[in-house]
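Please keep the sequence and the three-dimensional view at hand while reading.

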Amino acid sequence: MPVESKPEKKLKVTALCELCHGRKAVMKRPKNLQKLCKECFYKVFETEIHNTITDANLFQYGETVAIGASGGKDSTVLASIMKTLNERYNYGLKLVLLSIDEGIVGYRDDSLDTVKRNKIQYDMPLEIVSYKELYNWSMDEIVACSGMRNSCTYCGVLRRQALDRGAAKLNINHIVTGHNADDMAETVLMNILRGDTKRLEKSCSILTESADSPIKRSKPFKYTYQKEIVLYAHYKKLDYFSTECSYAPEAFRGTTRELLKALEANRPSIIMDIIYSGEHFELKRKKQTVSYKNKKKDETQINADGSISLNKDFTKANKCEKCGYLSSNKLCKACVLLGGLEANRAKITLDTDTSVEGAAKLTRTLEHLSF
Amino acid sequence: MSDITICIKCNETPSTIVNRKEAMCDSCYNRFARGKLRKALSLDIYKVNSRYGIHRILVSYSGSKASLATLDMLYDLMIEQKNRNNGKKGFEIVVVNIDEFERNSLPQSMTSKFDELKSKYEEVSFNVVNINDFLDGKKLIDYGLDKQFNIVIKKSDKLTMDQIFQSIDKSSQEDLTEILYDNILLDVCKKFQCGTIMYCETMNKLASESLSLIIKGRGTKIPEKINDTTIEDIHIIHPIRDLYTKEIEYYNNINGISDLVVESNRVISNINKNMSVKEIVDRYLRNVEQSGYSSTIPTVVKISEKLVAPSKFSGNDTSKCNICGDTIYQDCKTWLSKITVNDSAPLTEEIEHEYLKMFQDQEINEFDKSTDIPICYGCMVAMNKPVTWPTDEDIINEYSLE
Ligand code: SF4
Ligand SMILES: [Zn+2]
Ligand SMILES: [Zn+2]
Ligand SMILES: [Zn+2]
């Protein structure tokens with residue numbers, strides 16, 4: 001290829017960015033297939049997130065906010081954009097990176113290196129909370145013990161509490177996470193497909209506060225397309241870790257994700273369209289009946305999102321008996337789950353010669369090979 | 001296999017099918033299936049000698065398996081009423097078919113089946129409605145969306161359904177057809193003085209309908225589309241909502257009516273881009289059912305039946321969509337412009353300004369008027385390309401499009 005630059009050729013109108021009409025379009029915007037130049041893409045991408053934040057009144061001036069950082073693209077872009085917007089619009093936030101080390105060899109150890117670089121790149125303090133330290137179980141050990149099938153269920157419950165504890169330790173009561181519009185839409189569909197009446201109405205809430213957590217969580221990327229996050233990271237040359245966790249997501253969620261992908265290919269707006277529908281969901285109120293027929297008096301229900309339905313006086317004893325963490329039950333959900341595992345642990349460690357990590361890794365490799 | 005199982009319902013006849021874990025004989029199966037329809041007709045208005053006189057039921061008849069089975073079950077009920085009441089009946093059946101012969105590539109036109117149907121279902125009136133007749137004499141308007149999500153309109157030069165659908169994508173066609181059909185049926189229902197419109201949707205169809213509405217941004221329509229309701233004093237019911245498509249097929253088989261079905265033999269593409277939203281949803285539901293998540297369909301219908309009109313927007317002014325008639329709970333333009341920004345980054349170079357000038361010189365605007373006609377979110381989505389729609393004379397006057 002010749003290296004010398006040709007005299008600049010005049011662009012056709014159709015080759016121009018559809019917003020500024022002054023620069024060459026370099027991309028098709030995934031959300032609406034608009035042809036845009038890089039500058040205009042940055043502008044709309046960032047402004048939309050700013051709009052989402054201000055419209056929902058997410059932050060208070062002077063607040064310290066933890067960014068749930070995994071080193072993946074969503075949370076890396078989140079850290080970058082939070083820094084940008086905080087400076088541009090003077091939110092007055094103190095930003096901290098909060099990472100969880102689930103103990104997944106070959107995945108989390110590498111992605112944590114990315115977070116450590118992000119700490120320097122974005123000049124933010126970093127706190128890492130590890131499952132192993134907190135629960136004396138790493139995800140690799142859990143999978144070795146109970147198999148791949150429920151890995152994300154365990155992981156989800158443990159992460160929730162780990163993030164809470166990490167934030168509490170730093171005296172922070174607000175965590176922002178990188179959940180994006182695709183995740184939202186997927187949740188809406190999942191809740192409908194599973195008939196989850198408890199969670200349906202909240203499918204799209206941008207801010208969640210649950211009964212057994214003093215920490216609020218919010219999702220500034222609620223309306224941001226996954227594909228645009230990837231493009232933003234790419235154009236801005238952000239340093240992120242792109243390997244996915246090797247423990248497969250739950251099968252049914254997988255089918256929902258495929259449905260969403262197929263639909264998005266058919267009509268790019270459907271992610272927003274589903275969220276729009278989801279924001280209007282309201283279920284018929286059940287008549288209040290005072291009957292506890294099938295419930296023991298003190299029983300409390302743990303909702304799948306980790307929050308607790310309060311059937312009893314919340315003011316009394318709301319600490320987990322085992323670990324002392326906030327819980328409206330005798331045991332917190334993490335302790336309930338881990339309790340079930342303890343029994344198996346002895347067996348596993350006796351049965352294997354290799355290290356537990358090795359065993360889990362082997363299982364993973366084998367399961368991947370079988371595809 | 002061991003010895004023959006006896007039907008658990010009548011305890012006499014050998015069973016012919018195991019359905020929902022119950023072994024049944026054909027006649028008990030009929031009672032089971034028809035019972036579902038009869039449950040939906042338990043109101044007094046459908047009974048003999050009711051003080052309401054003889055009620056007229058419009059059956060929305062597409063020729064599909066489900067519409068045929070519904071007609072058959074309904075006819076069976078009518079005959080039974082007559083036999084038990086010295087020839088008196090509580091209702092009359094008006095079958096209405098919206099002509100889809102060409103648009104949906106049916107193997108034969110519905111009218112060609114009518115003779116057979118008429119001889120089997122005596123006393124039923126069979127009618128075909130032509131969509132273009134419905135459009136005839138109505139003013140058609142082209143609706144579009146500008147970049148700021150304003151509704152822009154102009155008088156349309158289109159006349160027929162085919163012309164209308166030329167320029168929009170498959171999902172929008174499907175979406176708008178449904179709305180148009182609902183409108184036509186309501187219109188015909190009044191003309192024929194019917195008090196009930198019967199939609200022949202199985203549980204499978206309702207599940208797919210509900211998911212599709214959510215996906216198209218029409219979630220707020222679910223309470224009215226999935227549940228039985230009343231619109232302008234007309235009862236809208238779905239009497240086979242508790243039956244699966246495969247149960248309907250079996251019903252048609254044992255009653256020897258399968259030959260009367262007229263269904264599209266159009267091959268559905270398997271490429272996402274060439275499919276409609278509903279076709280993708282249907283494929284998905286078939287797949288999850290086959291992968292063993294058999295409860296998905298009833299689950300979706302059940303939770304959809306529990307959805308109601310949202311109350312959290314009660315402070316807002318609500319309005320009705322000019323295209324589909326759905327209630328608009330919040331300003332869609334505001335919602336959309338918040339999450340889809342259309343401002344450009346400032347131009348810096350000289351050449352960039354030149355390009356902008358060049359663009360502005362060439363820009364043509366085919367729409368002449370920006371309006372505040374209320375259009376719901378779902379219809380805005382369908383308007384990813386301008387949409388032509390029949391419109392009241394009032395609107396035309398109000399926005400003086402002449
Ligand atoms: S994919 Fe599942 S196991 Fe892996 S990190 Fe995420 S939640 Fe944990
Ligand atoms: Zn531009
Ligand atoms: Zn505990
Ligand atoms: Zn509408």
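## Chain A as a whole

In this predicted model, residues 24 or more positions apart account for 71% of the contacts in chain A with a separation of 6 or more. Chain A contains 13 helices and 10 strands. Of its 371 residues, 51% are buried. The chain exposes about 18400 Å², and carbon and sulfur atoms supply 52% of that area.

## The sheet of chain A

An open sheet in chain A is formed by 6 strands, which follow the order S5-S4-S3-S6-S8-S7 with mixed pairing. The partner of S5(A) is strand S4 (residues 94-101) of chain A, and the two pair in the parallel sense over 5 bridges. Within this pair, Leu98(A) stands opposite Glu127(A).

Two helices of chain A that pack on the sheet may be considered next. Helix H2 (residues 73-88) of chain A touches strand S3 (64-68), S4 and strand S6 (174-176) of chain A, and its direction makes about 155° with that of S3(A). Helix H3 (residues 108-122) of chain A touches S4 and S5 of chain A, with its direction at about 165° to that of S4(A).

## The surroundings of ligand 1

Which residues surround ligand 1? They are Ile104(A), Cys152(A), Cys155(A), Arg159(A), Cys245(A) and Tyr247(A). By class, this shell has 5 nonpolar residues, no polar residues and 1 charged residue.

## An enclosed helix in chain B

Helix H11 (residues 296-305) of chain B is largely enclosed by the rest of the structure, because 8 of its 10 residues are buried. Among these buried residues are Thr296(B), Pro298(B), Val300(B) and Ile303(B).

The buried residues of H11(B) pack against helices of both chains. In chain A these are helix H7 (181-193), helix H8 (197-200) and helix H10 (251-266). In chain B they are helix H7 (203-215), helix H8 (222-226) and helix H10 (277-290).

## Strand S10 of chain B

Strand S10 (residues 234-237) of chain B runs parallel to strand S8 (residues 196-198) of chain B, and 3 bridges join them. In this pair, Thr196(B) has His235(B) as its bridge partner.

With strand S9 (residues 229-231) of chain B, S10(B) pairs in the antiparallel sense, also over 3 bridges. Here Ile231(B) stands opposite Ile234(B). The hairpin of S9(B) and S10(B) has 2 residues between the strands, and Glu232(B) takes a positive phi near 45° in it.

Notes: Residues are numbered from 1 along each chain as its sequence is written. Chains are lettered from A and ligands numbered from 1 in the order in which they are written. This is a predicted model: local features need pLDDT of at least 70, side-chain atom pairs count only at pLDDT 80 or more; totals for chains, interfaces and linings use all residues. Side-chain values use heavy atoms; hydrogens and water are left out. Two strands pair if DSSP finds at least two bridges between them. Helices (H or I, at least four residues) and strands (E, at least two) are DSSP runs, numbered from the N terminus. Contact means heavy atoms within 4.5 Å. Axes are lines fitted to C-alpha atoms, for helices over the stretch in contact, and angles run from 0 to 180 degrees between N-to-C directions. A residue is near a molecule or strand if one of its heavy atoms lies within 4 Å of it. Ala, Val, Leu, Ile, Met, Phe, Trp, Tyr, Cys and Pro count as nonpolar, Asp, Glu, Lys and Arg as charged, and the others, Gly among them, as polar. Buried means under 20% relative accessible area, exposed over 50%, partly exposed in between (1.4 Å probe, protein chains only). Accessible areas come from the Shrake-Rupley method with a 1.4 Å probe; for residues, only the protein chains shown count as cover.
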